Amino acid sequence: MRQSSDAHDGTNTLLRDGSGDGADMLVTPNASPRRTSVSPARHNADEMAAAQEAATVSGNASKTFTILENEATMTASDGRYLSARRTHLSSELREWKKAFIDRVGRAPTSTDIKKDTAMGAVHDEYEAIPGDVDSRLTLLEERDTARAQEEQHASKVAQDSKDQKKELTKKLNDWKAQFETDNGRKPKAADIEADPAISTVYADYMASSRPTTAASPRLPTSRPTLPSPPFTPTTWP
């Protein structure tokens, strides 16, 4: 048999049945009682959302530390990610700090941060990203630009060499065909040397067949130096 207690708000009556099932009855005068409860589906959805958010935070942090640990292969795209990530983490920390002050009435300490597992992880990641990441991003962009120019230059040199060799080959073949028509035999090395014009073409052809190293723009010698985790929370953004 249910035991009940009533709570009145002047209009409705909340009938608590004491059953412990989380479902009480809201009674409105001249109306049938109706149960109010938190939907299990809604509860599960909230848990899933929290889990997904935690997984996202963990995934982002993993990406951050992976970038920092692989400085030699860091690109401008990585630098832009770190810059945007640090700004985002800074915003999260400020909001958490404000909420903490409103709730507790004082500024949080490093111990308070560590007690909050999620926020402690956020702060560790924030501290891992250098404060001058934007200036370092500029260096990365300059390095990537120089590297792209180097590759473009090397590609152009290779194409020019290919085109030149093709043109020289045509001249040699045309001369050879004409020589055979005029002399009734194939030309020998001495025949090529005896013709100043074609000997120059032949020398250029042989030079174009040798491997060459293309001169290219020099990459910036300065390289961003980034710290490696782990880090100890010390400061607020």
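A residue counts as buried under 20% relative accessible area, as exposed over 50%, and as partly exposed in between. Asp-134, with a relative accessible area of 46%, is therefore partly exposed. That value, like the others in this report, comes from a predicted model.

**Overall make-up**

The chain has 237 residues, of which 23% count as buried. Its secondary structure consists of seven helices and four strands. Along the sequence these elements follow the pattern β-β-β-β-α-α-α-α-α-α-α. Among contacts between residues at least 6 apart in sequence, 56% join residues at least 24 apart.

**Helix pairs**

Two packed helices are described by the angle between their axes and the distance between the axes.

| Helix pair | Angle between axes | Axis distance |
|---|---|---|
| H2 (residues 76–104) and H5 (residues 133–183) | about 165° | 8 Å |
| H2 and H4 (residues 117–128) | about 140° | 9 Å |
| H5 and H7 (residues 196–209) | roughly 145° | within 9 Å |

*H2 with H5.* Angles over 145 degrees count as roughly antiparallel, and H2 and H5 are therefore roughly antiparallel to each other. The crossing of this pair is left-handed. On the H2 side the contact is made by Ala-76, Gly-79, Arg-80, Leu-82, Ser-83 and Arg-86, and on the H5 side by Val-133, Asp-134, Leu-137, Leu-140, Glu-141 and Asp-144. By residue class, the contact of H2 with H5 divides into five nonpolar, two polar and five charged residues.

*H2 with H4.* H2 and H4 pack at an angle of about 140°, which makes H2 oblique to H4. The crossing of H2 and H4 is left-handed. H2 contributes Arg-85, Arg-86, Leu-89, Ser-90, Glu-92, Leu-93 and Trp-96, which meet Met-119, Val-122, His-123, Glu-125 and Tyr-126 in H4. The residues of the contact of H2 with H4 comprise six nonpolar, two polar and four charged. Arg-86 is one of the H2 residues in the contact with H4, and Arg-86 is also one of the H2 residues in the contact with H5.

*H5 with H7.* H5 passes H7 in a left-handed crossing. Ser-161, Gln-164, Lys-165, Leu-168, Thr-169, Lys-171, Leu-172 and Trp-175 in H5 meet Ile-198, Val-201, Tyr-202, Asp-204, Tyr-205, Ser-208 and Ser-209 in H7. The contact of H5 with H7 divides into seven nonpolar, five polar and three charged residues.

**Asp-134 and its surroundings in H2**

Asp-134 lies in helix H5, and is among the H5 residues that make the contact with H2. Leu-82, on the H2 side of that contact, is 52 residues from Asp-134 in sequence, and the two are 8.8 Å apart in space, C-alpha to C-alpha. Ala-84 is also found in helix H2. Ala-84 and Asp-134 are 50 residues apart in sequence, with a C-alpha to C-alpha separation of 9.5 Å. The relative accessible area of Ala-84 is 48%, so Ala-84 is partly exposed.

Helix H1 spans residues 40–69 and includes Thr-64. Because its relative accessibility is 0%, Thr-64 counts as buried. The side chain of Thr-64 makes a polar contact with the side chain of Glu-125, at 2.7 Å. Leaving aside neighbours within four places in sequence, Thr-64 is in contact with Tyr-81, Leu-82, Arg-85, Glu-125 and Ile-129. Among these partners, Arg-85 and Glu-125 also take part in the contact of H2 with H4, and Leu-82 takes part in the contact of H2 with H5.

Ala-61 is found in helix H1 as well. The relative accessible area of Ala-61 is 14%, so Ala-61 is buried. With neighbours within four places in sequence again left aside, Ala-61 is in contact with Arg-85 and Glu-125. Ala-61 lies 65 residues from Tyr-126 in sequence and 9.3 Å from Tyr-126 in space, C-alpha to C-alpha. Tyr-126 is one of the H4 residues that meet H2.

Technical notes: Residues are numbered from 1 along each chain as its sequence is written. This is a predicted model: local features need pLDDT of at least 70, side-chain atom pairs count only at pLDDT 80 or more; totals for chains, interfaces and linings use all residues. Side-chain values use heavy atoms; hydrogens and water are left out. Buried means under 20% relative accessible area, exposed over 50%, partly exposed in between (1.4 Å probe, protein chains only). A polar contact is a pair of N or O atoms within 3.5 Å; within protein, one must be able to donate a hydrogen and the other to accept it, and residues adjacent in sequence count only if both atoms are side-chain atoms. Contact means heavy atoms within 4.5 Å. Axes are lines fitted to C-alpha atoms, for helices over the stretch in contact, and angles run from 0 to 180 degrees between N-to-C directions. Angles under 35 degrees count as roughly parallel, over 145 as roughly antiparallel, 65 to 115 as roughly perpendicular and the rest as oblique. A crossing is left-handed if the near helix is turned anticlockwise from the far one by less than a right angle, and right-handed if clockwise. Ala, Val, Leu, Ile, Met, Phe, Trp, Tyr, Cys and Pro count as nonpolar, Asp, Glu, Lys and Arg as charged, and the others, Gly among them, as polar.
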